[in-house]
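Let us read a chain together, feature by feature.

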Amino acid sequence: MSETIKVDIWSDVQCPWCYIGKRKFEAGAALFDGDVEVEYHSFELAPDTPVDFDGSPVDYLSQRKGLPVAQVEEMLERVTGIAESVGLHYDYDSVHQTNTVISHELLHYAKAHGRQLEMKERLLKAYFVDGLHVGRIEDLADLAAEIGLDRADVVRALTAHDYLADVKADVAQANAYGIQGVPFFVIDGKYGISGAQDPDTFAQALRQAATEKSEEKNK
């Protein structure tokens with residue numbers, strides 16, 4: 001199977017299932033005997049969140065969804081346990097609830113500089129594991145510098161919102177596809193997979209896409 005399979009992933013930096021889904025997809029791609037090209041696309045779960053939300057994720061989810069605090073705590077405990085099962089150590093006590101639009105702009109900047117996958121991983125880890133702020137330009141520039149991007153140029157690009165139109169285009173594409181939740185995986189432009197599925201599900205979809213691509217080529 002020599003054909004490269006393109007996978008477009010809609011995801012948000014503050015989506016716990018997106019980080020879990022990333023790990024499960026990576027495991028599925030490892031089971032697949034072929035080349036995979038991944039591109040991340042922007043999706044904002046809560047575009048109305050202030051950059052500096054005054055409160056914890058529990059407060060936010062309780063207020064936003066109208067759920068009792070105890071129920072929210074139970075939900076977060078469950079997702080933290082599932083994250084542990086794929087090697088991720090979520091620390092909700094340290095999470096800074098924020099607006100993620102500028103972090104999405106940074107992901108487009110990183111893509112333009114060939115570092116999108118590294119930037120995506122760093123942002124998810126920063127938010128869920130390290131308790132860092134992913135909604136402010138200076139903090140984001142520090143994270144970008146960690147993976148080798150030019151810090152001053154990142155500040156310039158994010159301040160000017162050079163990539164905001166790209167974020168909006170991703171969101172519009174998600175609406176056109178009917179994507180209502182993330183993570184959402186589009187395999188070879190044909191198959192949609194919603195949620196943090198098992199690695200085998202991803203591997204099977206990749207194999208099917210590769211087989212079809214090969215058959216089309218040999219027609």
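The dialogue below goes from the whole chain to single residues.

Q: What kind of model is this, and how are residues numbered?
A: This is a predicted model: local features need pLDDT of at least 70, side-chain atom pairs count only at pLDDT 80 or more, and totals for chains, interfaces and linings use all residues. Residues are numbered from 1 along each chain as its sequence is written, and side-chain values use heavy atoms, with hydrogens and water left out.

Q: How many helices and strands does the chain have?
A: Start with the rule: helices (H or I, at least four residues) and strands (E, at least two) are DSSP runs, numbered from the N terminus. Here the chain has nine helices and four strands. Along the sequence, their pattern is β-α-β-α-α-α-α-α-α-α-β-β-α.

Q: What share of the residues is buried?
A: Buried means under 20% relative accessible area, exposed over 50%, and partly exposed in between (1.4 Å probe, protein chains only). In this chain, 46% of the 219 residues are buried.

Q: What share of the contacts joins residues at least 24 apart?
A: A contact means heavy atoms within 4.5 Å. Take the contacts between residues at least 6 apart in sequence: 73% of them join residues at least 24 apart.

Q: How many side chains are positive, and how many negative?
A: Lys and Arg count as positive and Asp and Glu as negative; His and the chain ends are not counted. Each charge is placed at NZ of Lys, CZ of Arg, CG of Asp or CD of Glu. The chain has 21 positive and 38 negative side chains. The centres of the two sets lie 4 Å apart.

Q: How many residues are in the largest nonpolar core?
A: In soluble globular proteins, nonpolar side chains tend to be buried together. A nonpolar core is a set of buried Ala, Val, Leu, Ile, Met, Phe, Trp, Tyr and Cys residues joined through side-chain atoms within 4.5 Å. The largest one here has 41 residues. Those with the most contacts inside it are Tyr90, Leu106, Met119, Leu123, Val134, Leu149 and Val154. The elements giving it two or more residues are α1 (16–31), α2 (57–65), α3 (69–85), α4 (101–112), α5 (116–128), α6 (137–146) and α7 (151–159). Apart from this core lies another, of 15 residues, among them Ile5, Ile9, Ala205 and Ala209.

Q: Which residues does Val154 touch?
A: Leave out residues up to four places away in sequence. Val154 then touches Leu106, Tyr109, Ala141, Ala144 and Leu149.

Q: Where is Trp17, and what does it touch?
A: Trp17 sits in helix α1. Its relative accessible area is 31%, so it is partly exposed. Beyond residues up to four places away in sequence, Trp17 touches Arg78, Val79, Ile82, Pro183 and Ala196. Trp17 and Gln197 are 180 residues apart in sequence, yet 9.8 Å apart in space, C-alpha to C-alpha.

Q: Which peptide bond is cis?
A: Check omega. The bond joining Val182 and Pro183 is cis, with omega about 5°. Pro183 is in the loop between α8 (164–177) and β3 (184–187).

Q: Is Asp188, with its positive phi, buried or exposed?
A: Asp188 has phi of about 55° although it is not a glycine. It is in the loop between β3 and β4 (191–194). Asp188 is buried, at a relative accessible area of 17%.

Q: Where is His161 found?
A: His161 is in the loop between α7 and α8. Its phi is near 55°, a positive value in a residue other than glycine. At 37% relative accessibility, His161 is partly exposed.

Q: Which residues is Asp52 in contact with?
A: Neighbours within four places in sequence aside, Asp52 is in contact with His133 and Arg136. Asp52 is in the loop between β2 (36–42) and α2. It is partly exposed, with a relative accessible area of 48%.
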